[in-house]
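This report describes one protein structure for a reader who has not seen it before. Please look over the sequence and the model first.

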Amino acid sequence: MARTKIDRRIIKTKRAIAVALLQLLSEKPLEEITITELTLKADINRKTFYLHYTGIEDVANELIAKGDELFTKALELSLAEGNLFIPAKFLEHIHAKISEQPEIFRAFCLENTCAFFLRALSEKCITALMTVYRNYTDASDASLRLCLSYMAHGVLNLYVDWVRNPSPLPLAEVTALAVRLVERDTALLVNKN
């Protein structure tokens, strides 16, 4: 079976388009962004844009799908025997992906942009984690949902704040801190009375 070689120019172009969209989302809603604005910001021409996408929604949907894929893979890797969630493994995978594409993550952390994607991805995250934790807690679904929302948003905001307010801490230390916080909260959550 022949291997398909991925053209680095395509990767670079798609990354430029993604970063440009994320930057524009910090300024205005998706519905108000034009192809012209996006192509100017990405420093490409319209023809190049249309080689890869049919519209701006395609770019947003691809970013959401990548976020969903990242979360799903991280969750898969972080489930131990008995389907118990191991936060350290989850955050280590997220850390690796942030390290691979820091410019995408920086653009994701811009004001308003983060809120756009949080709405798109948070429900899946909370629903998946509820399925995992439901077997390890006596908490009601309503309580469990609130706790998981708190944990998910808290961890995300830790990283977002690290990007928005430059910190001398390296990313690895931020991840280690996030692991300690989530493990603490998880221990409280799974403690059946």
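This is a predicted model: local features need pLDDT of at least 70, side-chain atom pairs count only at pLDDT 80 or more; totals for chains, interfaces and linings use all residues.

Residues are numbered from 1 along each chain as its sequence is written, and side-chain values use heavy atoms, with hydrogens and water left out.

**Overall fold**

The protein chain has 9 helices and 0 strands; helices (H or I, at least four residues) and strands (E, at least two) are DSSP runs, numbered from the N terminus. Its C-alpha trace spans about 60 × 45 × 35 Å along the principal axes. Of its 193 residues, 37% count as buried, where buried means under 20% relative accessible area, exposed over 50% and partly exposed in between, with a 1.4 Å probe and protein chains only. Contact means heavy atoms within 4.5 Å. Among contacts with a separation of 6 or more, 61% join residues 24 or more positions apart.

**Nonpolar core**

A nonpolar core is a set of buried Ala, Val, Leu, Ile, Met, Phe, Trp, Tyr and Cys residues joined through side-chain atoms within 4.5 Å. The largest one holds 57 residues, and L21 and Y159 touch the most other members. Helices that each supply at least two residues include α1 (8–25), α4 (56–77) and α8 (141–164). The most come from α7, which gives 9 residues. Beyond its neighbours within four places in sequence, L21 contacts L30, I33, L38, I56, V59, A60 and L63.

**The α4 and α7 pair**

The axes of α4 and α7, lines fitted to C-alpha atoms over the stretch in contact, lie 10 Å apart at an angle of about 30 degrees. Angles run from 0 to 180 degrees between N-to-C directions. The two helices are therefore roughly parallel, a term for angles under 35 degrees. Residues of α4 at this contact include A60, L63 and F71, and those of α7 include F116, A120 and L129.

**Single residues**

| Residue | Relative accessibility | Class |
|---|---|---|
| C109 | 1% | buried |
| C147 | 32% | partly exposed |
| D43 | 71% | exposed |

The model has 0 disulfides, counted as pairs of cysteine sulfur atoms within 2.5 Å. D43 lies in the loop between α2 and α3 (46–52). Although D43 is not a glycine, its phi is positive, about 60 degrees. Most residues other than glycine have a negative phi.

Conventions:
Angles under 35 degrees count as roughly parallel, over 145 as roughly antiparallel, 65 to 115 as roughly perpendicular and the rest as oblique.
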